[in-house]
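Welcome to a guided look inside a protein model. Take a moment with the sequence and the 3D view before reading on.

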Amino acid sequence: MPASIPDFENMLDALVATPSVSSVNPAFDMGNRAVVDLIANWVQDIGFRVEFIALDDTGNKANLIASLGEGADGLVLAGHADTVPCDPDRWTHDPFRLTVTDDRLIGLGTTDMKGFLALAIEAAASVSAARLAHPLHIVVTADEESTMRGARLLAESGALRARYAVIGEPTALVPIRMHKGVSMDALTIIGRAGHSSDPRLGVNAIDGMHVAIAELMAFRDELKSRYPNAAFEPPFPTMNLGHIHGGDNPNRICGQCELHYDLRSMPGMDAATLRAELTQRVRARLNGTGLAFEIRNLDSAIPAFESPPDGALVRALEAITGNAARAAAFGTEAPFFARLGMETIVCGPGDIGCAHQPDEHLAIARIAPARDMLNRLIRKFCLT
C-alpha cells in the first residue's frame, strides 16, 4: 500500500473524527464536504481520477465519483459520507473519536457506513491500473440519512456508468437483493371551527379524521392480502400511523387535523399509484360531510428495490460470503444505482442492530472477511 495512504484503522479514525451529520432538522444538519475531501485526497494518491457533484451552491455537500481505469462497465463500491445525529451523553465513549476495544471499533459512522468506505479505499489501493480489464469506481454520496438527495442527483445526472454496484450498508455481510420502499405522507382534514356549545356552528375535522383513519386501516389490511411476499419479514406491506395533531382548545370545534404516516411497499408497488387510490377512497368516505382534505408527500419516496436472484453479482456475493441473498425492511440508495442500469446489491460488514444507536461499532471479526469480499469482487469484476 502506498506510504501516503493511511492503513484501515487510521483512515477510519480520521473519518469518524470528521463530523458529517445530515438531518431534516436544520439545527443538526451539516455538510459532508470535509469527509469527501479526505477520501478524494486518499484515492487521488493511489491514481484515481475524481469528480465532485455539488448538491447546492454552498459547497458544503457533494457526491464524489472516483474512478480507476476506463470504460462504461466495471464495478462500483458505494457508500454515504453522512451520519445521523447522536446524543454524546448517552455514549460511553466520544462518538467522534475511534475507540478500539478487544472486539469492536466504536465511533459514530463505524458501522453506518464509514467503516465500509475505509475498507473499499484500502482494497482499491492494492490494485494497479495497468492490470484493470474493467474500471473500478468508489462513489461517496451525501444526505443518505435525511433525504437521499445525493443518490437522487446521481441518478438524475447520469454521470456514472458501470455494470455492477455494491452498496456497503450494514448487513453483517449478508447480500441484500431486495428491500421495501418507504413513502411518508400527510393527510390533512379541513373543517370549520366554531363554539363547541353547538356542533351546528362548525364542521369538526377530528370527526372527519376518525372516518378517514378507519379507511386507512381498511386499506392497510387489503394491502397485506394483495401484496404478500414471503421473502420479507414481516411478509407484507406495512403502514404506520405515526403522528397526529388537530385543534387548539377543548371548547372549540376542531377546524383542522393532520395525520402523518409511512407506507413500506413491496417491489412492484408504486407509491404514486397507491397515494392516488387512497385519495379516491378517502374522498368517497368524506363525501357530503362538508369536510375538505388533501394527501401530500412529506418527502420524496424511496422506491422498493429488487435485483434478479440469478444475477452475476448476487451469485458472486453468495459464494464469497457463504450467505444466501435476502430481503430487508429498511430502505437504501440501491434503487437509484439500479436506475442507472447497474446490477446492484447491498452488502457491508456493519450491523444494522447498532446503527443509529449509542456506542455504534464495527465488529473487528468482520473486518478480515470484508477485506476478502472486496478483494475477490475486484479480482472477479475488474481484473478478468
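## Before we start

This is a predicted model, in which local features need pLDDT of at least 70 and side-chain atom pairs count only at pLDDT 80 or more, while totals for chains, interfaces and linings use all residues. Residues are numbered from 1 along each chain as its sequence is written, and side-chain values use heavy atoms, with hydrogens and water left out.

## Two nonpolar cores

In soluble globular proteins, nonpolar side chains tend to be buried together. A nonpolar core here is a set of buried Ala, Val, Leu, Ile, Met, Phe, Trp, Tyr and Cys residues joined through side-chain atoms within 4.5 Å. Buried means under 20% relative accessible area, exposed over 50%, and partly exposed in between, using a 1.4 Å probe and protein chains only.

The largest core has 58 residues, and those touching the most other members are Ile39, Phe48, Leu75, Leu77 and Leu377. Helix H3, residues 110-125, gives the most to this core, with 10 residues. (Helices, H or I with at least four residues, and strands, E with at least two, are DSSP runs numbered from the N terminus.) Look for Ile39 in the view: setting aside neighbours within four places in sequence, Ile39 is in contact (heavy atoms within 4.5 Å) with Leu15, Leu64, Leu117, Ile121 and Val140. A second, separate core holds 28 residues, including Leu187, Leu263, Leu278 and Leu291.

## A strand wrapped on both sides

Two strands pair if DSSP finds at least two bridges between them. E6 pairs with strand E2 (residues 62-68) in the antiparallel sense over 5 bridges, and Leu136 of E6 is the bridge partner of Leu68. Strand E3 (residues 75-80) runs parallel to E6, joined by 6 bridges; here His80 has Thr141 as its bridge partner.

Now find strand E13, residues 256-265, which pairs with E9 in the antiparallel sense over 10 bridges. Thr188 stands opposite Glu258 of E13. E13 is also joined to strand E11 (residues 238-246) by 8 bridges, again antiparallel, and His243 stands opposite His260.

Elsewhere, 3 strands make an open antiparallel sheet in the order E4-E5-E18. Its edge strands, E4 (99-100) and E18 (361-363), each pair on one side only.

## Empty spaces

Rolling a probe the size of a water molecule over the atoms shows where empty space is left. On a 1 Å grid over the protein atoms alone, a cavity is a set of points where a 1.4 Å probe fits but cannot get out; a pocket is an open set with protein on both sides within 12 Å along at least five of seven lines, and lining residues have an atom within 4 Å of a point. Grid points are joined across faces, edges and corners, and a volume is the space filled by probe spheres set on the points.

The largest pocket holds about 640 Å³ of space. Among its 26 lining residues, Glu144, Glu145, Met148, Met184 and Ile302 are the closest to its centre. Strand E9 (residues 181-190) gives the largest share of the lining, 3 residues. The structure also holds 1 cavity of 30 Å³ or more, and the largest cavity has a volume of about 80 Å³. Helix H6 supplies the largest share of that cavity's lining, 4 residues, and the lining includes Ser183, Tyr261 and Leu278.

Most residues other than glycine have a negative phi, and most peptide bonds are trans. Which residues have a positive phi? Asp143 has phi near 65 degrees, and Met148 has phi near 60 degrees. Asp143 sits in the loop between E6 and helix H4 (149-157), and Met148 is also in the loop between E6 and H4. Asp143 is buried at 3% relative accessibility, and Met148 is buried with a relative accessible area of 3%.

The peptide bond from Asp112 to Met113 is cis, with omega near -5 degrees, and Met113 lies in helix H3. The bond from Glu233 to Pro234 is cis too, with omega near 0 degrees.
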